[in-house]
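Here are a few exercises to work through with the model open. Try each task before reading its solution.

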Amino acid sequence: MALHVPKAPGFSQMMKEGARHFSGLEEAVIRNIIACKEFAHSVRSAYGPNGMNKMVINHIEKQFVTSDAATIIRELDVEHPAAKLMIMGSQMQDSEVGDGTNFVIILAGALLECSEELIRLGVTPIEVAEGFETALEKCLEILPTLVCREIKDCRNIPEVVQGIKTSIQSKQYGNEDFLAELVAKACVSIIPEQTTFNVDNVRVCKVLGSGLNSSQVVQGMVFKRQVEGEITKIEKAKIALYSCAVDILQTETKGTVLIKSADELMNFSRGEEDLLEIQIKAIADTGVKVIVAGSKFGDMAMHYLNKYGIMAVRLNSKFDLRRLSKTVGGTVLPRLTAPTPQEIGYADIVCVEELGDTPIVAFRLVGKESRISTIVIRGATDNYMDDIERAIDDGVNTFKCIARDGRFVPGAGATEAELSVQLAKYADTLPGLEQYAVRKFAAALETFAKALADNSGHRSSAVLEKLLAAHMNGDKNVGVDIETENAVCNALEKNILDLYVCKFWGLKYAVGAAATILRVDQIIMAKRAGGPKPRQPQGSDDES
């Protein structure tokens, strides 16, 4: 008879073997807070224009060198359930605003760090969470009074450049003027009359070589590939788009052809060739000068395309084909038939160009405003261009928010400092234990000014002292000056502006994540599905 070992009585008795369970203040709440605090500390050093880069190597060994929090958290496979809640809040900020992901994680981490002291003093986590929510309501009430500029006309390029510059500056300090100009040009040229601006309509094409200052905006689309035939440039081009192969059609059912003589064999292959020529001639007769296909071009088809002077471009990606159809105003056809005038697309110039030693095919729209624009980035390394792409992505998302709500609040930690000062005054008017949580919320908001000063190599205590003193005296636009040692500056005069919606949603998501984590008092983890993990290869990290 097998020996039966009874389980220890209590909660673990109910669960399957291998399940883990933590409960109580010390085990669950404090443990969660410590995990989130560590995670927030690791991304805090990446905050602001002088933020340090992180080198992240993900699960498929792709390397990222970036200070963009959204990329760091996306590529890190974070296991801890409480830290995952913070990451979810940050991802919501990314999908809502497209910027300010680091803001959410740092604020949520700072709030939890401050709440740990209160919990150790005996305040219950529920009271702390309620106090934070009270403070959030007050913050969202104060925030509209801090608006210092509003962009009414989002087609005005100089104004838009000033609005976009700060979000690009935090990723690419020193290149912000050039990149903001590029992004503003690309976005303003495709903004529609009626509908909202779509971020996907600004494409980025990265071409190795040269330097960042050789980057440019192309109205239309650019692909890194060669054309299939011999024709490399066509002006005022009518374009036909096909998702199928341009080749002799294969029959859908299998058939056996019995050939009795050499003449029949000649006639059979000539019949196939004639059929293909008729199809391509029919396409050429509609005035089409460029054929774009989602699959291969056969040798025979290429012969006839060259004969009729038609340019052939192959795009392997269906997504690119769909975007191109939107750009040129054509329809993607599933079979090789002659397109109707409504299905034909148009581009002013379709040509092959060389940037460095990379051949590109450009579909340019010169005359009218296009529906899609492409920013061609040049740079020395792939990692560098990836980082530029992320900065451009933030700039384009900022433009999307400007198109919806053009209000700005002062940047450089000025908004957070002003909220902190006003919350501290508000806490004095509150009765009960909530006031302690509101005061801690005010202290948590000071983290941003400290992070900006620390990352720039200044003494954070001296900078914070000057900053809070200025805000006490009513200068609500004063922020951290990262260029001068231990100094503050007027953020509005220096044109350091943050989006109102970015701060609004950032505060909401950070407090939501922190309050949710504080309200957890038990963690129950079931046993993982699947067998044991495969063994790691021998050898140390730095040698392999």
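**Exercise 1.** Decide whether Q93 is buried or exposed, then find what its side chain reaches.

*Solution.* Start with accessibility: Q93 has 0% relative accessibility, so it counts as buried (under 20% relative accessible area with a 1.4 Å probe, protein chains only; exposed is over 50%, partly exposed in between). This is a predicted model, where local features need pLDDT of at least 70, side-chain atom pairs need 80 or more, and totals for chains, interfaces and linings use all residues. Residues are numbered from 1 along each chain as its sequence is written, and side-chain values use heavy atoms, leaving out hydrogens and water.

Next, look at the side chain of Q93: one of its polar atoms sits 3.1 Å from the backbone oxygen of C502, and the side chain also reaches the backbone nitrogen of G506 at 3.2 Å.

**Exercise 2.** Work out which residues make the contact between helix 5 and helix 6.

*Solution.* Go through helix 5 and pick out L111, S115, L118 and I119; on helix 6 the partners are P125, V128 and F132. Contact here means heavy atoms within 4.5 Å, and helices are DSSP runs of H or I, at least four residues, numbered from the N terminus.

Key: Polar contact = N/O pair within 3.5 Å; in protein donor to acceptor, adjacent residues only side chain to side chain. Helix = DSSP H or I, 4+ residues; strand = E, 2+ residues; numbered from the N terminus.
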